[in-house]
Every structure is written in C-alpha cells, then in structure tokens.
Amino acid sequence: MTTDQTTKQSPRIDESKLSRYANALIIGVARHWLALFNTVWAVYLFTPFLAPIFMQIGWTKAAGVIYAVYSVFCHQLPDHSYFLFGPTFIPQMPELIAGGMPITDSLWLERSFIGSPEIGWKVALCQRDVAIYSGVLIAGLSYALVRRNARPLPFKLFVLLALPIAIDGGTQLIGLRESNWLLRTLTGALFGAAAVYLAYPYVQEAMQEVLETELLRRADLHTPIAKTDAG
C-alpha cells in the first residue's frame, strides 16, 4: 500500500472510530438517562445548601459564587427562604430585621441579605424552589420502580395538581395574601412530582426509540462488508 493510499483511507478509519464512540455515548445516555436526570437534579437541589455551610466555616468566596449563580434562577428573598445555623430554620421578618436585614422597599436590596452569625445563613434557593426540586428528585427516584409500565399522567390531572401552586403563588404575587413555608412546600412538591410523571414517560419512550436505533446502527458498524469479485 502506498503512502497516498494510506492517507486517503485514514479519514475513513477516523470517521469509523468517531462513529463508534458517538454511538456508544448515545446508547449510554439512552440506557441511563434516568440516573443522569436524578443526579443533575440532586446536584442542583443540594448545592444551595452548601452556601450557608460555606459561610459558617468561613469560605465566603465559595458561598458568594453559589449565591450569585442561583440568584439568576431564584428570587432568594430572605423571608421566603430557609436559614441554617441560626435560632430558627424559618425566620420571620422581625427576626430577619433584628438579625441585620436592611429595612427597605427595594426587593433587590432585600434579596441580597444572606444572613449573619445571629440569624444564620440563607439557603441559596427559596422554600418553594426547594420543594419543587425535592418533588422532582423524589418522584424521579420513585419512577425507577415503575418506569416499565408507567403511562404519562393525564394532562387534566396534571393541571389539577398544578392548580394549588398557581393559586398560592399567584395570589401572593399580586398581593392578595401572604403564603407560608408549609403551603410553599406542599404545593411546590406536588407540582414537581406531577411534572415528573407527566414528562418522564415521554422521555422514556423517546430514549427507547433512540436505543433501538443506535443498537441497530452498532450492529451495522460491526457487520463486515462482503467482498465481491472484480471480474
């Protein structure tokens, strides 16, 4: 075989290797998507609890990064958040003010208060978000037990289960009433679990189709090409 022939065939060899690697990666994701989803949700849920832990042990820069990142996804209002290492897990407004939170009409200034040694340190996700993602994670773990026979939650039932969080959050948002940590927890967890049982059966179906397609492709990649007579 000449040098020119080797050069011409190398891209084909590299392309074949790349196809096999890509095929193996896709098959792995299709087989283990639920474990990947649950891992991502677990990391997303538990990382905000590291912020107050880091503040308590003096790792303020690391805590600041977590607060900053999660502030993009959550309002982090102190009176709607859990606090660690203080006298109470759910401090109310008078306790927060006594602990150093500024008295202000600006929600931007209020949400920037992360706590103090007297009141404890704020979790980087609000109570409702903690409940939602806890519901997602717990439902995701339970889905592993029923995934083979699970059917998507009927959409009407999903709407019914999502109604409590819409009412609780909506009426609070427009100022008709003030919710509390228990209602935020119950409605958030209910919504998170309902969302999983609505969406995950569709994901399972899609991943099964991907898996079957990629297994057939792998079989084709490993099937030797039949030689034909030239004359």
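**Pockets of the predicted model**

The lining of the largest pocket is made up of six charged, five nonpolar and four polar residues (Ala, Val, Leu, Ile, Met, Phe, Trp, Tyr, Cys and Pro count as nonpolar, Asp, Glu, Lys and Arg as charged, and the others, Gly among them, as polar). The model is predicted: local features need pLDDT of at least 70 and side-chain atom pairs pLDDT 80 or more, while totals for chains, interfaces and linings use all residues. Numbering runs from 1 along each chain as its sequence is written, and side-chain values use heavy atoms, without hydrogens and water.

A pocket here is an open set of points on a 1 Å grid over the protein atoms alone, where a 1.4 Å probe fits, with protein on both sides within 12 Å along at least five of seven lines; lining residues have an atom within 4 Å of a point. The largest pocket has a volume of about 400 Å³, a volume being the space filled by probe spheres set on the points, which are joined across faces, edges and corners. Of its 15 lining residues, His 75, Leu 77, His 80, Gln 172 and Leu 173 are the closest to the centre. Helix α6 gives the largest share, three residues, and α4 (107-111), α5 (127-146) and α6 (155-173) each supply at least two; helices are DSSP runs of H or I, at least four residues, numbered from the N terminus.

The second largest pocket comes to about 350 Å³. Among its 16 lining residues, Arg 147, Arg 148, Gln 204, Glu 205 and Gln 208 are the closest to the centre. Helix α7 (181-221), like α1 (3-57), supplies at least two residues of this lining, and α7 gives the most, with seven. By class, this lining holds nine nonpolar, five charged and two polar residues.
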